[in-house]
Amino acid sequence: MMKYYGAIEAGGTKFVCSVAADPENYVSEIRFPTTTPEETLTRTVEFFREQKEKYHLSAIGVSCFGPLDLDKKSPTYGYITTTPKVGWGFTEVVGVLERELDLPVGFDTDVNGAALAEYKWGNPKGVNSLVYYTIGTGVGAGVVIGGVPVHGLVHPEGGHILVRQDKEQDPYDGFCTYHGNCLEGLCCGPSIQARFGKPAQELPEDHPIWKIIAGYLAQACVSQICQISPEKIVLGGGVMEQKQLFPLIHQEVLRLLNNYVKHPMILEHIDEYITPPALGNRSGACGAIALAQALDSQ
Ligand code: ADP
Ligand code: ZN
């Protein structure tokens, strides 16, 4: 018999709640917009109350927009903390689900979840360490090493790393409310829209901005390579639908590294090293299943 898990992809725009055994075996799903915490979490609980009985759920995983408190010793463990999303600052998530559903809850950032899903199900070579970037409404990075999502003081915030900007080429001040021209400030979808007054997906694929965006993303990859030395870097999210970005990023990473990191994955196989998600746009949703399953091995 299959073992089913509850999976919650908790995004700033929408919640996707589903029941699945693994990415190939989904049995039900509901989507609704992220409104107030009360309304949104109530709908979530109502859905899973029914599903729990029907599918004998053993655990729930939540892959959540952040920042989050992931420190199990903290009084606000399992909370969304200092999010700029109106009404959602310091919202308890894990405690509410545990109390209302009486199930164990696995909880992590959406990008750590996606990184874990890519590690488990999008990793035919069995690499041991992986960085997952999403470049979408925001930019975020998840890191998995040895099958475990990395936490530290808080959790990785690779979307806000600082990059060099050539203001002559790209005079834009940046979209990040905290840092202006950090990686997210220069590469998120809304920053592209702010530069040109129309959504990123409406720009032609040979627009000069793509080379500039690829340059910033290459800098981010180089920082990850030099800091973490991951065995794979996955770039997902809406902006990466522009597939022409990949070869531009590959070339620029090689140029920036300048032969310093001498590994065949980089020098000979960079197109297999920095890749789109194997799970496509499902890595976020699959992340929540992975976080629920991870409770089994604890
Ligand atoms: P979210 O980050 O909200 O989960 P997405 O990853 O889909 O969602 O990112 C949405 C952002 O990606 C928007 O800013 C949108 O303009 C941009 N985007 C979506 N599709 C494309 C595309 N084909 N090309 C470039 N940008 C895109
Ligand atoms: Zn920032």
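The dialogue below reads a sheet and a ligand site in a predicted model.

Q: What should be kept in mind about numbering and confidence before reading this model?

A: Residues are numbered from 1 along each chain as its sequence is written, while chains are lettered from A and ligands numbered from 1 in the order in which they are written. The model is predicted, with local features needing pLDDT of at least 70 and side-chain atom pairs counting only at pLDDT 80 or more, whereas totals for chains, interfaces and linings use all residues; side-chain values use heavy atoms, leaving out hydrogens and water.

Q: In what order do the five strands of the open sheet lie?

A: Strands of a sheet pair through backbone hydrogen bonds, either parallel or antiparallel. Strands here are DSSP runs (E, at least two residues) numbered from the N terminus, and two strands pair if DSSP finds at least two bridges between them. In this structure the order is E10-E9-E8-E11-E12, with mixed pairing, and the edge strands, each pairing on one side only, are E10 (148-149) and E12 (274-275).

Q: Which strands does E8 pair with, and in which directions do they run?

A: Strand E8 (residues 129-135) runs parallel to strand E11 (residues 232-236), to which five bridges join it; within this pairing, Val131 has Ile233 as its bridge partner, and Thr134 stands opposite Gly236. Seven bridges join E8 to strand E9 (residues 139-145), and these two run antiparallel, with Val144 of E9 as the bridge partner of Leu130 and a hairpin of three residues joining E8 to E9.

Q: Is E8 mostly covered or mostly exposed?

A: Buried means under 20% relative accessible area (1.4 Å probe, protein chains only). By that criterion, six of the seven residues of E8 are buried.

Q: Which residues surround ligand 1, and of what class are they?

A: A residue counts as near a molecule if one of its heavy atoms lies within 4 Å of it. The residues surrounding ligand 1 include Gly136, Thr137, Gln201, Gly238, Glu241 and Gln242, and the shell has three nonpolar, seven polar and one charged residues, Gly being counted as polar.

Q: Which polar contacts does ligand 1 have?

A: A polar contact is a pair of N or O atoms within 3.5 Å. A polar side-chain atom of Gln201 lies 2.7 Å from an oxygen atom of ligand 1, a backbone N or O atom of Gly238 lies 2.9 Å from an oxygen atom of the ligand, and an N or O atom in the side chain of Gln242 is 2.8 Å from a ligand nitrogen atom.

Conventions: Helix = DSSP H or I, 4+ residues; strand = E, 2+ residues; numbered from the N terminus. Polar contact = N/O pair within 3.5 Å; in protein donor to acceptor, adjacent residues only side chain to side chain. Buried < 20%, exposed > 50% of the residue type's maximum accessible area, 1.4 Å probe, protein only.
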